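Hi,

Here is the structure I promised to send over. Have a look, and my notes follow below.

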Amino acid sequence: MKKTLYTLFITFLAVIAAQAQEFKIITTVESIVPSGLGRSRIIDGNADRDYKEFASVQTEEDNTRNKADRSDIRVKDFEETKLLNFYNIAGIRFQNIAANDALISSKLTAMAAEGWELVFVTSGVEANAGDKDGQGIFITRFVFKR
């Protein structure tokens, strides 16, 4: 009996260890456009894509490129959560930043409750480059696994 239980336990551990990890990326885009004219969002894609369908391997003998249609890559099934812009007419709005932090924290907490573990965060800025550049975003990617 002990051997049977021991064998079942080892088999159970092997099955758990053999399962592949799943990754998910949540992206926040926060506008840094003056006067509050931009759009800020949390984006959570609900569709899966297999990168192999859109990739090609280049060699000296074969430099054929992948001919996949761009429209096949696009995802139309996603969750979009509205955030506030960093700026309003009067300038930077710290209340908006605090509100965004609360919404982003809520999303991260919900992800953790669903069994996702936050493993990496990266961010970048495309900032205003002068008087004639009225564009700008602050983007953050949250990488989760389970």
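Which residues form the largest nonpolar core? There are eight: I26, I42, L83, I104, M111, W116, F142 and F144. By core I mean buried Ala, Val, Leu, Ile, Met, Phe, Trp, Tyr and Cys residues joined through side-chain atoms within 4.5 Å, with buried being under 20% relative accessible area (1.4 Å probe, protein chains only). Two or more of the core residues come from each of α3 (94-113) and β7 (137-145); helices (H or I, at least four residues) and strands (E, at least two) are DSSP runs, numbered from the N terminus.

Before you go further: this is a predicted model, where local features need pLDDT of at least 70, side-chain atom pairs count only at pLDDT 80 or more, and totals for chains, interfaces and linings use all residues. Residues are numbered from 1 along each chain as its sequence is written, and side-chain values use heavy atoms, leaving out hydrogens and water.

Beyond its neighbours within four places in sequence, M111 is in contact (heavy atoms within 4.5 Å) with K24, I26, W116 and F144.

Overall, the protein has three helices and seven strands, in the order α-β-β-α-β-β-β-α-β-β. Of its 146 residues, 20% are buried.

Cheers

Methods
Buried < 20%, exposed > 50% of the residue type's maximum accessible area, 1.4 Å probe, protein only.
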